[in-house]
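Keep the picture open as you read.

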Amino acid sequence: MTAYDDLMAFQRETEALAQVAGRLGWDQETVMPRGAAPQRGEEMAAMESVLHARRIDPRIADWLGRIETAGLDAVGQANLRHIKRDFDRATRVPADLAARIARVTSAAQGTWAEARAADDFAAFAPTLKEVIALKREEGAALAEGRDIGIYDAMLEDYEPGTTAADLEAMFGALRPKLSELRAAVREAEAPPVLEGVFDEAAQMTLTAKLARRFGYDLATGRIDKAVHPFSSGSGLDVRITTRTNALDPFNCFYSTVHEVGHAAYEQGIDSAYLLTPLGRGVSMGVHESQSRIYENQIGRSRAFTGWLYGEMTAVYGDFGVPDAETFYRIVNRVSDGFIRTEADELQYNLHVLLRFDLERALMSGDLQVDGLEAAWNDRFEADFGYAVDRPSNGVLQDVHWSVGLLGYFPTYSLGNVYAGCLHEALRKSVPDLDDALAKGDTSAATAWLREKVQQHGGLYGPREVIARACGKSPTEAPLLTYLENKFKDLYNI
C-alpha cells in the first residue's frame, strides 16, 4: 500500500467514529432520557478525546510528507487539502481543551433548555460564560502565528475561505435594502393569517409525504421530533427532525422541507466519497443554500403552494382558505415575530445579522455575557421596531451558543445569498419548472441541484462549487432581486 492508501484507510475509520459521535448528539436531542445528560456529557467527551487523538496522530504528518501529490487526481488532491487543513487545526488545539469543550457544551445544552423553558437567562449565563471562555481559548490557539483574528479562526470551521470582513461587506449591502423593502411591506395591506386547529398526527403524515416529494430517501433516513429541528449524519444514515404546533402547521411543513434540503445534500453526494473528507457537505453556507432553496424558492413558490393547498384540503377539508392564491399569500405573509426559525424570507436575514454582530463582540471581548441580554434586546428593538417580551423569544431562543457553535450563524445568510444565485441559474436552466411544481413534482429542481452542487461533496471549495453551478461568482444581487420581485408582487408595492 502507498502512503496515500494508508492515510485514507486511517481517515475512513476516523470519519466512521465521527458519525458515531454525531449519532450520540442526535439521540440526545430526540429520545435520550433527560436524566442521562451528565453521563452523556462524559460519553461525548470520551468520544471527542478519541477523535482528537486520531486527528493529531503523528502518522498523519508522516503520510502527508511521503505522498507524491503530483501523481494524484483531483479527488486525491481534494482529500489531501481537507486532511491537511483539519490536521493543522486539530494540532493547534490541546487535547484537554477539546475534551473540556465537548464536556461543557454537552452539559450546557441541557442547562440552556431548562433556562429557556423557565425564561431565565441568569440561570444560563454562568454556563455560557464558560462556553465563551473555552471558545475564545480555542480561537486563540487556532489563530496563533497567523494573520487572522479569533473570530476568523472560528469561521473556518463552517465556511473555509471566508472572513468576517467578507461577510461584513456582503451583509452591509443586504441590510439597508432589506430594511427598506420591509418598511414598504409593513405599510401595505397584509394577507390574512391562517386560523384553526390542525391535528398534529396529520401534520406528521403530510410532512413525511412532503419529505418524499423533495427526494428524501427514507431507506437511509428517518423523521423524528425535536425542540429545535435539525439534520444529522451523512452517507447512508442521514436523519432529520421537525416539530409540530396544532395552531401552525406551516412550522412543521417548512421545517421539514428545510431539513430535507440539508439531508438531500448529504444523500446526494457521490457514493464513491463515502467516509472520506469529500463525503460530507463542503461548508455550512453551501449546506444552507440547499435547505433555503428547498424551503423558500421552491417550497414557497406560487406553483408549489398551489399543490400544497390541495394536499391540505384533502387532509383537513375546508380549513378556511378560499383558494390557492390566498393560500400562497398566507404562506408568504410578512409578520412581526421574535423567532428566527419562524421568520419569513424577507426578515430572516435581519435576525441572522443581529446574531453575527453580537457573537463577534462576544468573541472579541467587546461584549460580556452579563450584558448580552440587554444588547440583544436593544438591537432587536432597533431593527424590528418592537421590544422582546421574554428571553425565550430573545437571547435564549437558539441552541447554537450553548453547544459552542460560534461562527455558525452568518452561514445562514450566506446560504441565502448562495440560494439566490442558484435559483437564478436554475430558472434559466429549467424554464418550465413551475409546470412541474404545480403538480408537486420537484424532481427537475432537485435533480439540477444534485448534479450542480450536491454530488460534489467536498471536491471543490465553497464559493467554487457555487460559481461552477451558476457560471459566475456569488453575490447578494440575485437574492435581493428575487426578494424585491416576490414581495412587491405579493404586496402590490
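Searching the whole structure turns up one cavity of 30 Å³ or more. Here a cavity is a set of points, on a 1 Å grid over the protein atoms alone, where a 1.4 Å probe fits but cannot get out, while a pocket is an open set with protein on both sides within 12 Å along at least five of seven lines; lining residues have an atom within 4 Å of a point. Rolling a probe the size of a water molecule over the atoms shows where empty space is left. Before going on, note that this is a predicted model, where local features need pLDDT of at least 70 and side-chain atom pairs count only at pLDDT 80 or more, while totals for chains, interfaces and linings use all residues. Residues are numbered from 1 along each chain as its sequence is written, and side-chain values use heavy atoms, with hydrogens and water left out.

So what surrounds the largest cavity? Its lining is made of Arg292, Asn296, Gln297, Glu345, Asn349, Asn416, Ala419, Leu479 and Leu483. Two or more of these residues come from each of helix 11 (284–298), helix 14 (345–364), helix 16 (410–429) and helix 20 (477–490). Helices (H or I, at least four residues) and strands (E, at least two) are DSSP runs, numbered from the N terminus. Helix 11 is the top contributor, with three residues. The space inside is about 70 Å³, where a volume is the space filled by probe spheres set on the grid points, which are joined across faces, edges and corners. Sorted by class, the lining has three nonpolar, four polar and two charged residues. For this sorting, Ala, Val, Leu, Ile, Met, Phe, Trp, Tyr, Cys and Pro count as nonpolar, Asp, Glu, Lys and Arg as charged, and the others, Gly among them, as polar.

Now hop over to the second largest pocket, with a volume of about 490 Å³. It has 18 lining residues, and Gln28, Arg34, Gln109, Gly110 and Ala113 lie nearest its centre. Helix 5 gives the most to this lining, nine residues, and helix 1 (3–30) supplies at least two.

Let's stop at Gln109, which sits in helix 5. Is Gln109 buried or exposed? It counts as buried because its relative accessibility is 14%; buried means under 20% relative accessible area, exposed over 50%, and partly exposed in between (1.4 Å probe, protein chains only). Leaving out residues up to four places away in sequence, Gln109 touches Gln28, Glu29, Val399, Ser402 and Val403, where contact means heavy atoms within 4.5 Å. Val403 belongs to the loop between helix 15 (372–384) and helix 16, and at 23% relative accessibility it counts as partly exposed.

Next comes helix 10 (residues 249–268), which has 20 residues. Why is it largely enclosed by the rest of the structure? Because 20 of the 20 residues of helix 10 are buried.

Finally, look at some backbone angles. Most residues other than glycine have a negative phi, and most peptide bonds are trans. Asp119 has a positive phi of about 55 degrees although it is not a glycine, and it lies in the loop between helix 5 and helix 6 (121–143). Leu275, in the loop between helix 10 and helix 11, has a positive phi too, near 55 degrees.

Terms used. Expected span 1.5 Å × (residues − 1).
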